Structures are given as structure tokens and as C-alpha cells.
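Please read them with the structure open.

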Amino acid sequence: MQGFAARHPFWALVIIVVAAALIWLVFAPWPDALEDLIGRKKVFLNAVIGGITLGALYFLVAAGFTLIFGLMRNVNLAHGSLYLVGGYLGFEVAEATGLWLLAFPVVFVIVGAFGLLLQNQVFRRMEGEELRQTMVTIGISVVMADLMLWIWGAQSYTLITPEWIAGPATLPIISAVKSNGELVYLKFPAVRVAIFFAALVIGVAMWLVLNRTRLGMLVRAGVDDRDMLQASGVRIQYVFLAVFAFGAGLAGMGGIVGGTFQSLTPGEDTRYLLASLVVVIVGGMGSIPGAAIGALIIGLSEQIGVVYAPTYSVVFTFLIMAVVLAFRPQGLLGARL
Amino acid sequence: MSLAERRVEREPTAIDRIPAPVWALAAILLTMPAYANDFILFQVMGWTFILGTIALSLMFLAGYGGMVSLIQMTVAGLAGYMVALFGNSGIESLSLFLPWYVYIPLAIVIAAIFGTIVGALAVRTEGIYTIMITLAIASAFFYFSRQNYSIFNGYTGFNLVIPPDLFGVDWRQPVAFYYLSGGVALLAYLAVVYVSRSPFGLALQGVRDNPRRMAALGFNVTAHRIAAYTFAAVIAAFGGILLVWQNSQISPGTSGIPAVIDILVIAVVGGIGRPIGPFIGALIYVLLRTFSPDVLTALDLSGERFKTVIGLGFLIIVFWSPDGVLGLWDKWRAARDKAEDPLRRRAK
């Protein structure tokens, strides 16, 4: 990222202008002409903030995916199944104990342990055979999807939001000005705000671990050159295990989050797998900041698309991916292929 | 020189070189309507030929081009949709009821263009990236076709899509459909074999093995790969048209994610080394899909768990024989030949 503005003055300018326009759109009261053109500000704000929180959820799911991919060159197409199984398990735990928060550590441990098992028993046996690993993950996702359908059936589940984050939160953003000059502030479901901050905390924590600790150093070195890291005496299998377990656990926790503010149904696994795929394709494979940016772009485009062009919201996502592929095949923040 | 000339009476022709098992297979397939019931002909064999044809297009890309594309079922689905849209269907407000000699070529051309565009995007990447990108596009198509009502008629899709009444034959009759799908499958198979031996196919295999060397030799690597996508799209389109006629309906689920994955499963289980592999895989898949509910019910398990059976079978194949059933066959033959090797002094 360093020196981006110096190397690409034009694109830096475009980014600054777009960012400034967005900030103005979010914080300034809209003039009437603009409201006539694209509707009320409240609708737009809800779409934007909904997009940001959806992006936060996508980030939770895609971060593990991109990390696993970057380090092990393993496209884990069972990642969506890990998400869904995490959601179902979280639902069971929350139902049984009545504690929503307890579901997170329990699911993280269980799904992470499952990830350990996968990495140690399955992927280690076919190291370096990327295509075969991918096929195996497809097989696993097919079997898991059917087993989950068996256990939990086809109905949809929703985790009950605990009281302390249920209800609306008032955001310091002006959504409209009343005729008497009073400012109306935007109200938004508190649970979504909580999710956004949770994703922010996890993202920053991941960044800190990756950039400030010894383990993070090993992971980054592994992403850059796995063979050299192994040759310098690091027990790379342990690093693999740790990363796979962490990524799987993160996907499982994503399932709880998704199950709380959306719902859990069969088929959600492929939806989140697709989202993760698109996010890492757009953001760049193996890059955590890339996953964050990709998740934000995809979440925003989906939500804004749903509001302003309901039929074609999926196509926006796809178009963004196609454009990124056409002009920057390695993704926005990806290293050269 | 003269000795050799006298000994060879006649060059063996192409027909002489066809091995006996192929003749036997052809005889069985040709005479099948005489002793198989309608269910076997229409559901089992017809479906096998169709899925085999679509998986064959994936085999062509993966085996000769080294590109595992998950877009083939989507291309087939698009061709099916175009047949319903330009031809006849129960949705009279959308279908255009054009004559068959217009809508069939139109459907194939549109599917080929779509396949080419996707290919042009996908060839910018390699290996597992290709899987990811084609899977993403396939999902996007699925969601788009589910939400779009002006072309794809959304959730419900098209029903009552029937083949044209050519030559006074009702092509949905089991026997007629058996020969129709079998004939298309055979033509697709021969086309793939022919193309794989043509200069284009050989160059494509060269590109698969070493793109840099082929580029250095002056071949346009990207163009070869995109052309392979176009060819595969045409084959998949034929399969898709037959599929919509067999089911007489098409909906977003026809080319949904599970269907896309199934095509990959079929190709991999059969073996992507040779064009016959996808048909073997399709036969195994269809047999499992058709009869495993009965077997599972007989074992006191829920008949709906056939997906688990198929998935586990796929996992086992990928684990122990990455080249599919054909790979197992080759291994068995190699083991037999080795056992007979006199130099190793092993008894039979």
C-alpha cells in the first residue's frame, strides 16, 4: 500500500473523490433535489449500513477462507458447510443453555477441532495436489450438506437475539431534518451494530497477530514461500493446523452471527461459499486487508442493489467480480499470480 | 523390402482396428430397446447419455485443456432456457414459438457465446482459480435466473417444453428418445475424439502440458484455451437441449449449484483422462441416483440420503484413484501385465 498515491496519482484521486462523496452522502442532510432523484435518505442510509454489516459478516467467513488459501493453496470448498454447521451448533447450544454468548466459544472449539481433523487426516495426505484437495472438499461439502439436512431438516432456524443487544440503536447520523428544524437521527438494529464492531475487533486482532507476533510472522512467511519456511526448520504442519483450525472456527462463529440476524436453512452453505469466493477473488487471495475490502464492496453492492434494483442485485456482485478479473486478475490487494 | 510387401496383404482399415469389446458394446446399445423396459430406456439410459454429454464437455476442458470448469452445466441450462424461450413451452407469454430449425441453432449459438465469454474471463486464471471463478459465475447465473422474470420466468421456469414433431416421430417416446440421446452422445464423443487428434487438439494438449513452451513456439495460448471453451460449450448445449426435452421443463434448479457439482462428480468418478470416462461416470451416477433410495430403504435407512452415498462414493474415488474408474481399470491392467512379465520371473 505504501506509495500508492505516488505511483497511481489518478486512481488515488478517484478513490479520494469517491470516499468524500460517500462521507458527504452519509453525514450531510440531503437537499430536496437529491431526495427527488434517488429517494429518501433514510432508505439509502439503511442500505449503506446494512451493506457494511453484511460485509462484516462476509469478512468473518471469508477471512478464514483466504488465510487457508494463502497458506496452504487449498481452496476449501467445504467452507460454507463449516459456516452452516457452526450456525446449527450455535443454535443448539443457545437453545440448551439460553446463553447466546456461550455459543461462540463452544462453536469455535468444536468447528475448529473439526478443521484440525480435516487438515490432519485429509489434506495432509494429498499435500501439493491442489486439484485433488479441491475435489475432496467438494465431496465433503456434499456429504455434510446432506447430513445436516438429515439432522436439522429443511426448516429455517433463527437464533434469538439476547436482550442486551435487541432493539434499535441510535446512530450519530442525521437521517432527515424535520420541518421545525429538529434533527432526526438514524435508528438501526443494535445487533447489527454489535456485529460490525465484533468484526472490526476480530479484524484488527487478526491484523495484530499476523503483523506483531511470532506465529503471524510464520504465517506470513508461509504465504510468501512455504518451501523456504520449511527448509529453515519450522514445523510447518503445526502452522497449517493452527491456521486451518482458526479459519474453520471463524467460519463456524460466522454461522452464529448469520443465524442471528438472518436465518439458517439448507443452501445457505453454498450462498456463503459463493460470497467467500467472490470476496477473495475481488480482494485478492491470501490477503486479510483484501478480504476486508472485498467483503465491504460485496456487502455494500448487494444491499444497495437490493434497495435500488432488486432483480439485478446478484448481477452487480458478479459484474464487480468480472471487472476486477478483467483488469486485475490477482484481486485488488493480491500478490501477482 | 519385398519380403515385407508380400507379407502385408492389406493395410488394416479403421474398422479393423476397432477392438471387439467396442463392437459388443455397440451391439448391446443398439439392440437395447428390444429387451429393456421404458423406464430403463428413458430414465436410466437417456439420462446417462445426457449427463455423459455434458460431463464430456467438462472432460474435454479438463483432460485436454487442463482447465476444470464448473460452468458446463450452466451452459447446458442456458441452452435449455433458450430452447424454451425461442421454441415452445407452456408459458405462452414468453415463448416465441419459432420453428425448430431456427431455435435449436439459436440456442446453441447463444450458449456458445456465453461459454466463450466465461472462458475469456476464466482463462485469465489457472488451476484452482478457474474452479473458483467458474463456480462463482455458475452461482451468479443460478441466482439471476431465479430472480429474473422477463427472460427466465423466475422461480418456476418453463414447463411443457417438448421436442418438435420431426419426421412424424414423437421424440419423447422412450425408444425414440433413447436413440436420439444416444445418437447425440455418440456424435459428441466422436467429435471430441476427432478434435483431440486434430492440430487444434494437439496444440491444446501442448498448452496444457507447457503453456510457456507453446507460447514460445508461436501458438496463441489464450486463443486456444478460449476456443476450447467454445467447443465445450457447443457440446454442453446439445446436452442441455436434450435435458430440457427429457424433463419437459426447466427451472433455475436445473443448473443450480448441486447440479453443477454433480457434473464435476460424474466426470471425475468416470475419469477425465479419456472421452469414455464421463459416460461411465454418468452411468454410475444415474444408477446410484435411481436405485440407491430403494437400497437405502431396504436397509432401513431414509431413502433421501442418496446424496450422502454419492458424496461418499465420490470421496472414495478421489481418495484412492484420482483418475476415476478408468484409472482403476488402467491400474488393474498394468498389474496384470506386470504379473505376466517374463523378465521379472513371476508366474502368472
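1. Contact here means heavy atoms within 4.5 Å. On that basis, and bearing in mind that this is a predicted model, Phe108(A) touches Phe246(A), Gly249(A), Leu250(A) and Met253(A), residues up to four places away in sequence being left out of the count. Phe108(A) belongs to helix H6 of chain A, which covers residues 100–122, and Phe108(A) counts as partly exposed because its relative accessibility is 27%. The C-alpha atoms of Phe108(A) and Gly247(A) are 9.6 Å apart in space, although 139 residues separate the two in sequence.

2. The interface between the two chains brings 35 residues of chain B into contact with 45 residues of chain A. About 3,600 Å² is buried between chain B and chain A, and carbon and sulfur atoms give 81% of that area.

3. One salt bridge joins the side chains of Arg271(A) and Glu268(A), with an N to O distance of 3.5 Å. These residues are three apart in helix H12 of chain A, so about one helical turn separates them. Glu268(A) is buried, at a relative accessible area of 10%, whereas Arg271(A) counts as partly exposed at 22%. Helix H12 of chain A, residues 268–283, also holds Asp269(A), which is buried at 8% relative accessibility and touches Gly80(A), Ser81(A), Leu84(A) and Ala145(A), again without residues up to four places away in sequence.

4. In chain B, the side chains of Asp330(B) and Arg274(B) meet in a salt bridge at 2.7 Å, N to O. Asp330(B) lies in helix H14 (residues 324–339) and Arg274(B) in the loop between helices H11 (257–270) and H12 (277–298) of chain B, so this pair ties together parts 56 residues apart in sequence. Both Asp330(B), at 34%, and Arg274(B), at 36% relative accessibility, are partly exposed. Another salt bridge links the side chains of Asp209(B) and Arg208(B) at 3.0 Å, N to O; Asp209(B) is exposed at 55%, and Arg208(B) is partly exposed at 31%.

5. Helices H4 (residues 72–86) and H5 (residues 100–122) of chain B pack at an angle of about 145°, their axes being 8 Å apart, and the crossing of H4(B) and H5(B) is right-handed. Among the residues making this contact are Leu78(B) and Met82(B) of H4(B), and Ile110(B) and Phe114(B) of H5(B). By class, the contact of H4(B) with H5(B) comprises 12 nonpolar, two polar and no charged residues.

Terms used:
Residues numbered from 1 in each chain as written. Chains lettered and ligands numbered in written order. Predicted model: local features only at pLDDT ≥ 70, side-chain atom pairs only at ≥ 80, totals over all residues. Heavy atoms only, no water. Axes fitted to C-alpha atoms, helices over the stretch in contact; angles between N-to-C directions. Helix = DSSP H or I, 4+ residues; strand = E, 2+ residues; numbered from the N terminus. Left-handed = near helix turned anticlockwise from the far one by under 90°. Nonpolar A, V, L, I, M, F, W, Y, C, P; charged D, E, K, R; others polar. Buried < 20%, exposed > 50% of the residue type's maximum accessible area, 1.4 Å probe, protein only. Buried area = accessible area lost by both parts, 1.4 Å probe. Salt bridge = Lys/Arg side-chain N within 4 Å of Asp/Glu carboxyl O.
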